[in-house]
Structure formats: C-alpha cells, structure tokens
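Please read the points below with the sequence and the model at hand.

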Amino acid sequence: MKRKSLICLLLVLALAMTAVLAGCSKQDNRVAAKVGDREITMQQLQNAYLNSQSYAMYYFDLSTDEGLQQYQDYLLDSIIESTMLLYQAEQAGVRLTEEEEAKAKADGEDSYADFYQQFVTSAKNAGATDVQAYANKLLTDTLSANGITLAQLRQSYIDGAIDSAITLKFQTAIRSEAEPTAEELKAMYDEELADQKARFSENPEQYFSTELAASYGSSCIPLYVPEGFFRVRHILVADEATAQEVQDKLANGEDFEALLEEYNTDPGMQNEAYAAGYLVGEGANFVQEFLDAALALKNDGDISPITKSANGYHIIKRVSTEPSGEIAYEDEQETLDAYFTSLAKSKHYSEKMTAWLETDGLVVRYEDVYRELGK
C-alpha cells in the first residue's frame with residue numbers, strides 16, 4: 001500500500017486538536033518517538049488514529065494484532081516524516097516572510113473558527129434558546145475536560161498553520177532543486193513508452209487502466225495504442241419507445257449523426273474531446289451493457305440493436321478502427337514534460353527524506369509506548 005501524500009499527513013496533524021477535544025480524554029504526553037530534538041507524543045499518535053479510522057479499514061485489518069501493528073507503524077512513520085520535514089526546515093534556517101506568516105496566522109484563525117462552529121451547530125441541534133451562550137458552555141466544558149485553555153487551543157491552530165506553511169515552503173524548495181534537462185525528459189519518455197508497449201501488448205486492458213489512472217494524475221498518459229481498438233458513437237435516450245423510433249428511422253435510411261443531434265442525451269457526444277467517438281476495447285471503462293454491445297460490432301459502420309443500461313437506452317455505431325502504434329513525443333510534449341518533471345522532483349524529494357530517516361540516531365522510536373495505540 002502506498003503511503004498518503006505529505007499534504008494528507010499535514011491534514012491529519014491539523015485535525016489533531018479536534019480529535020482530542022471530541023474524545024474528551026486527558027492529554028497523554030508520553031514520548032512515542034523523537035526526531036532530533038522534536039518529540040512526538042502519544043497524544044499526537046492517538047489524534048492521528050482517531051482522525052484516520054474512517055479510511056483505515058480499507059487498508060488494514062485492525063481486528064488482528066498484525067494488522068494493528070502495521071497501522072501503528074504507518075501512523076507513526078507518517079508523523080515522523082512530517083516532523084522530520086519541520087526539523088530539517090529549522091536546521092536549514094527556513095523562515096516565513098512577514099506576509100507569509102500573516103497569511104498562516106489568518107489560516108490558523110480560520111481553522112479555529114471552523115472548530116468553534118461545531119459547538120454552535122451542536123447548540124442549534126440541541127434547541128438552545130441562547131445558541132451563543134450554550135455553544136460557549138459546551139466549548140468551556142470540553143476544554144476543562146481536556147485540561148486545556150482557550151488561549152492554548154487557539155494558539156495550537158495558529159502554530160499548526162505556521163508549521164504547515166514552513167514545511168510547504170521547505171518542500172517546495174527541495175523539489176525545485178530537481179530540474180531535468182531536455183535530454184533527460186526525452187529519455188524518461190522513451191523508458192515509459194517501452195514499458196507501456198510491453199504491458200499493453202501482453203494485456204491490452206492495461207491501456208484503459210493507465211488511461212483512467214492518468215485522468216487522476218497518478219500515471220503517465222497512454223503512449224502506445226495496441227491493436228484491436230475502435231471508436232464508437234451512440235445515441236442515448238431515456239425510454240424504449242424513443243429508442244425504437246430512432247431505430248426505425250435508421251432502418252429507413254436516415255443519417256445516424258443527424259438523429260444523434262436530434263435525440264441524444266449523452267453530453268459526452270457533444271464534447272469536442274470525443275468528436276471522433278469513444279475508444280473501446282476489452283477493459284474499457286464503460287457500463288458493461290454498453291461495452292458488450294459495442295464490442296459486438298465487428299466492422300466500421302455497424303450499428304447495434306437497442307441496448308438497455310442503467311443510463312438509459314443506447315443505439316451504438318462503430319465509426320472507425322483506431323490506428324495502433326506509438327504516440328509521438330512531440331505530439332504531447334508539453335503534457336509529458338510537465339509529468340516527467342513532477343516525477344523527477346518527487347523522486348528527488350523522496351530520496352532526501354529517505355536519507356534523513358536513515359541517518360543514524362536522528363530518529364528514535366519508543367516501541368513499548370506506541371504499541372499501546374488502539375488497545
């Protein structure tokens with residue numbers, strides 16, 4: 001399982017105080033780990049545990065000792081990495097400008113205001129006559145139960161926002177150290193192309209997996225089109241009677257595109273990106289009924305029978321066979337250069353972080369303490 005991004009880790013830390021107060025438990029300031037002279041307390045770890053439980057079940061089996069230990073290690077490693085970034089930023093003398101610090105403080109105040117609004121909402125839901133007074137009482141009671149003052153709470157949000165701004169500034173500076181040359185970018189394209197050729201030739205469905213991942217920014221765009229793909233356009237309508245009306249008109253020789261213009265309800269068919277049609281093949285990301293009907297079209301120009309799916313009623317036309325082969329670097333250079341540059345920067349940052357984490361004596365873990373998490 002891949003680790004969450006640094007942004008997610010900082011978000012966990014930023015939400016930490018909310019979890020403390022929601023849990024109404026006394027602060028646990030035992031040291032779970034250290035990074036240089038910075039301590040990571042059990043309270044931080046418990047807060048991260050509470051705030052991430054909602055997605056933990058998708059990655060860890062918390063019902064077993066092994067799964068719980070994996071989750072403990074994941075959370076502690078995550079906090080160690082974010083703490084390491086703060087520690088190294090301090091060692092490097094990273095400072096915020098007056099403008100940056102003012103913005104960070106304002107962000108912290110906004111976060112505190114959002115936190116306070118939770119008590120206002122609770123007061124409203126409770127039907128309080130004086131919402132403001134009851135919200136203040138709820139907040140005071142919660143602060144008292146946790147042994148923390150309002151000033152400390154407010155400052156924790158401001159300090160957290162400042163730390164986040166410093167780490168982001170430092171991380172950006174580290175990433176900026178990596179600037180691949182034109183030759184290196186082209187070499188990265190060549191390597192990715194060779195990898196895709198091998199994968200797509202062995203399993204053409206991998207093309208569509210890569211395409212879907214690329215749409216979320218998590219992989220390179222497909223650079224190689226395997227054989228056997230083709231494009232389709234379709235007319236989507238809401239009811240079977242209308243679909244039959246369209247089918248009858250097609251049988252009488254009326255033009256498919258003209259009928260598509262008149263009847264179709266799928267906005268994708270009006271999107272310029274799909275002017276040539278949807279690309280289909282085994283593994284394409286469409287509802288199964290649509291995909292099955294499309295794949296049954298053996299020749300360009302073939303039209304499917306009426307096909308029902310959860311989206312409505314489809315009449316599909318195979319419009320063209322997609323040429324197989326490579327996507328030339330020059331055709332997508334701007335997109336590819338941006339992707340490979342980001343990849344190089346991320347690799348550089350990861351290598352720096354790994355070197356810091358592996359520095360003898362810089363990170364100390366107290367396993368007898370943090371193994372209590374979640375028990």
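1. The structure is a predicted model.

2. Salt bridges in general. Side chains of opposite charge can pair when their charged atoms come close. A search of the whole structure finds 20 salt bridges.

3. Glutamate 372 and arginine 30. These two residues form a salt bridge in which the closest N and O atoms are 2.9 Å apart. Glutamate 372 is partly exposed, at a relative accessible area of 39%. Arginine 30 is also partly exposed, at 34%.

4. Arginine 318 and aspartate 300. A salt bridge joins the side chains of these residues, at 2.8 Å from N to O. This pair, too, links distant parts of the chain, the residues being 18 apart. Arginine 318 is placed in strand S7 (residues 312-321), and aspartate 300 in the loop between H12 and strand S6 (307-309). Is arginine 318 buried or exposed? With a relative accessible area of 10%, arginine 318 is buried, because the cut-off for that class is under 20%. Aspartate 300, by contrast, is partly exposed at 41%. Elsewhere, salt bridges that share partners join Asp28, Arg30 and Glu372 into one network.

5. Lysine 137 and aspartate 141. The side chains of this pair meet in a salt bridge of 2.8 Å, N to O. Why are the two residues separated by about one helical turn? They are four residues apart in helix H6 (residues 131-146), so about one helical turn separates them. Lysine 137 is partly exposed, with a relative accessible area of 47%. Aspartate 141 falls into the partly exposed class as well, with 40%.

6. A patch of negative charge. Which residues gather in a patch of negative charge on the surface? They are Glu205, Glu282, Glu289 and Asp292. One of them, glutamate 289, lies in helix H12 (residues 288-295). Glutamate 289 has a relative accessible area of 39% and is therefore partly exposed.

7. A nonpolar patch. Met57, Tyr58 and Tyr59 make up a nonpolar patch on the surface, and together they have about 400 Å² of accessible area. Tyrosine 58 is located in the loop between helix H3 (42-56) and helix H4 (65-91). Tyrosine 58 is exposed, since its relative accessible area of 64% is over the 50% cut-off.

8. Arginine 233. This residue is part of strand S4 (residues 230-237). At 8% relative accessibility, arginine 233 counts as buried. What does the side chain of arginine 233 contact? A polar contact of 2.8 Å connects it with the side chain of glutamate 257.

9. Threonine 210. Helix H9 contains threonine 210. Threonine 210 is buried, with a relative accessible area of 7%. The side chain of threonine 210 makes a polar contact of 3.4 Å with the side chain of arginine 199.

10. Proline 204 and alanine 284. Proline 204 is found in the loop between helix H8 (182-202) and helix H9 (205-215). Proline 204 is partly exposed, at 30% relative accessible area. The C-alpha atoms of proline 204 and alanine 284 are separated by 9.8 Å, and the two residues are 80 apart along the chain.

11. Glutamate 262 and glycine 147. Glutamate 262 is in helix H11 (residues 256-263). Glutamate 262 is exposed, with a relative accessible area of 53%. A separation of 68 Å lies between the C-alpha atoms of glutamate 262 and glycine 147, which are 115 residues apart along the chain.

How values were computed:
Residues numbered from 1 in each chain as written. Predicted model: local features only at pLDDT ≥ 70, side-chain atom pairs only at ≥ 80, totals over all residues. Heavy atoms only, no water. Patch = residues over 30% accessible without salt bridge, like charges linked within 9 Å, V, L, I, M, F, W, Y side chains within 5 Å. Areas by Shrake-Rupley, 256 points an atom, 1.4 Å probe, with all protein chains shown as cover. Salt bridge = Lys/Arg side-chain N within 4 Å of Asp/Glu carboxyl O. Lys, Arg positive; Asp, Glu negative; His and termini not counted. Charge placed at Lys NZ, Arg CZ, Asp CG, Glu CD. Buried < 20%, exposed > 50% of the residue type's maximum accessible area, 1.4 Å probe, protein only. Polar contact = N/O pair within 3.5 Å; in protein donor to acceptor, adjacent residues only side chain to side chain.
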